[in-house]
Amino acid sequence: MKFSTRAIHVGAARDPQTGAVVPPIAVASTYVQPGAGQWGTFDYARSGNPTRHQVETTLASLEAGCGGLAFASGMAAIHCVTMLLQSGDHILAGADIYGGTYRLFHKIINRAGINVSLADSTDIDSFAAHITPRTRLIWIETPGNPRMSITDIAACAELAHRHGALLGVDNTFATPALTRPLELGADIVMHSATKYLGGHSDLLGGALVVRERDLQQQLYFIQNATGAVLAPFDAFLLSRGLKTLDLRVRAQSATALQLAQWLTTDPRVTRVLYPGLPQHPGHALASRQMDRAFGAMLSVELQGDFSVAKRVVEATRLFQLAVSLGAVESLIEQPAAMSHASYDAADRARHGIADTLIRLSVGLEDVTDLQQDIAQALQAATS
Ligand SMILES: Cc1ncc(COP(=O)(O)O)c(C=O)c1O
């Protein structure tokens, strides 16, 4: 079955008792066992739940993995991966990553003696120079957040495996509709399901999908032992969102491309960061690695200073000023003050997260309305 068919049918078996085409949400926290010390399919909701299992099955199919794990948030999913590591181990992370991931790596897991290096993952040779004998995990995002940098997943997988490390890819921006990292050699793919997978700004969730059974079992053991699982109602919403993922991502990407092209003509914009533009340094790679579209996230650098960018993000009306992304409604934010405020200022400067950068999550509204909204905000902020 093709991707959009699997998004609707895999994992979503009709209810055998009633024939309902949407299985009921399973809310029980515990399950009667056949006997003391004997286990049925489900026993306790932290260890497994039918509604969560349904969405994990769909996610595994969409990401071409052997199994999926659904978490209470994207951060819980990333944290679970880091718990594979031990004191003294090293993570090599791409520099263009979500601010919360930066914070987890630099301000939480470092307390357990895990070292992290942040480096430009778009240049594989200079990236490779940061590998150490203790590197156990390479962690990347592509497109990166917030600079929309494009990283070669297959090259990173080869690099990781040559050094006995795992490759984890945060696929939140691209989604499996456009990029399937496990098919390119990654070991773990991760999502903030809060974003495109859910798609409607009404759930918080995370996911891991893994290529090999043994690794999935290790991660399941950690998830069950630590407990940050996705709740049944959120699992239901996520299942519902996945059914329209392909449609939404392609429509939103088409609008993002149009807006990106238009923004390049505005003299108040110094740079448009969107991999669908031929002048983007990662365009050729993105054309190979992404499936016929470049995603619906774009960033722009503006003339002026922090306060100009602040005024622009505060002046849009359809683009709502909020962190998060990937839903049907368009959002706007200033990474230096919002999604990437957790970066140390020096790291922001070193990795090109300028004060004048604004990030747009393009929704499903009409493109002319969105264009007019940006035009009036630029006018209001700069006049
Ligand atoms: C790329 C990316 N990864 C991970 C996360 C963290 O996910 P969550 O907010 O669901 O914990 C986010 C959240 O914004 C994100 O944008």
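**Domains, sheet and ligand shell**

Me: How far apart do the C-alpha centres of domain 1 and domain 2 lie?
Reply: The C-alpha centres of domain 1 and domain 2 are 26 Å apart. Domain 1 covers 3-242 and domain 2 covers 246-382 of the protein chain, with bounds from an automatic or database domain assignment.

Me: Before going on, what sort of model is this?
Reply: It is a predicted model, in which local features need pLDDT of at least 70, side-chain atom pairs count only at pLDDT 80 or more, and totals for chains, interfaces and linings use all residues. Residues are numbered from 1 along each chain as its sequence is written.

Me: Back to the domains, then. How many residues does each give to the contact?
Reply: Domain 1 gives 32 residues and domain 2 gives 35 residues; two residues are in contact if their C-beta atoms, placed from the backbone, lie within 7 Å.

Me: Which elements supply two or more residues on the domain 1 side?
Reply: They are helix 1 (3-9), helix 4 and helix 7 (175-178). Helix 4 gives the most, with four residues. Helices (H or I, at least four residues) and strands (E, at least two) are DSSP runs, numbered from the N terminus.

Me: And by residue class?
Reply: The side of domain 1 that touches domain 2 divides into 16 nonpolar, eleven polar and five charged residues. Here Ala, Val, Leu, Ile, Met, Phe, Trp, Tyr, Cys and Pro count as nonpolar, Asp, Glu, Lys and Arg as charged, and the others, Gly among them, as polar.

Me: Ligand next. Which residues come nearest?
Reply: Ser-73, Gly-74, Met-75, Tyr-98 and Ser-192 come nearest of the 15 residues around the ligand, where a residue is near if its C-beta atom, placed from the backbone, lies within 6 Å. The shell holds three nonpolar, ten polar and two charged residues.

Me: Which helices each supply at least two of the shell residues?
Reply: Helix 3 (74-82) and helix 4 (99-108) do.

Me: At what angle do helix 3 and helix 4 pack?
Reply: The angle is about 35°, and the axes are 11 Å apart. Axes are lines fitted to C-alpha atoms, for helices over the stretch in contact, and angles run from 0 to 180 degrees between N-to-C directions. In this pair, Met-75, Ile-78 and His-79 of helix 3 meet Gly-100, Thr-101 and Leu-104 of helix 4. That contact has three nonpolar, three polar and no charged residues.

Me: Now the sheet. What is the order of its five strands?
Reply: The five strands form an open sheet in the order 8-9-12-11-10, with mixed pairing; two strands pair if DSSP finds at least two bridges between them.

Me: Why is one side of strand 8 and of strand 10 left without a neighbour?
Reply: Strand 8 (269-273) and strand 10 (320-321) are at the edges and each has a single partner strand, so one side of each has no neighbour in the sheet.

Me: Which helices pack there?
Reply: Helix 10 (residues 245-263) touches strand 8 and strand 9 (297-302), its direction making about 15° with that of strand 9. Helix 12 (residues 306-315) lies across strand 9, strand 10, strand 11 and strand 12 (357-361), at about 20° to strand 12.

Me: Last topic, the backbone. Which peptide bonds are cis?
Reply: The bond from Thr-142 to Pro-143 is cis, with omega near -5°, and so is the one joining Asn-145 and Pro-146, with omega about 15°. Pro-143 is in the loop between strand 4 (135-141) and helix 6 (153-162), and Pro-146 lies in the loop between strand 4 and helix 6.
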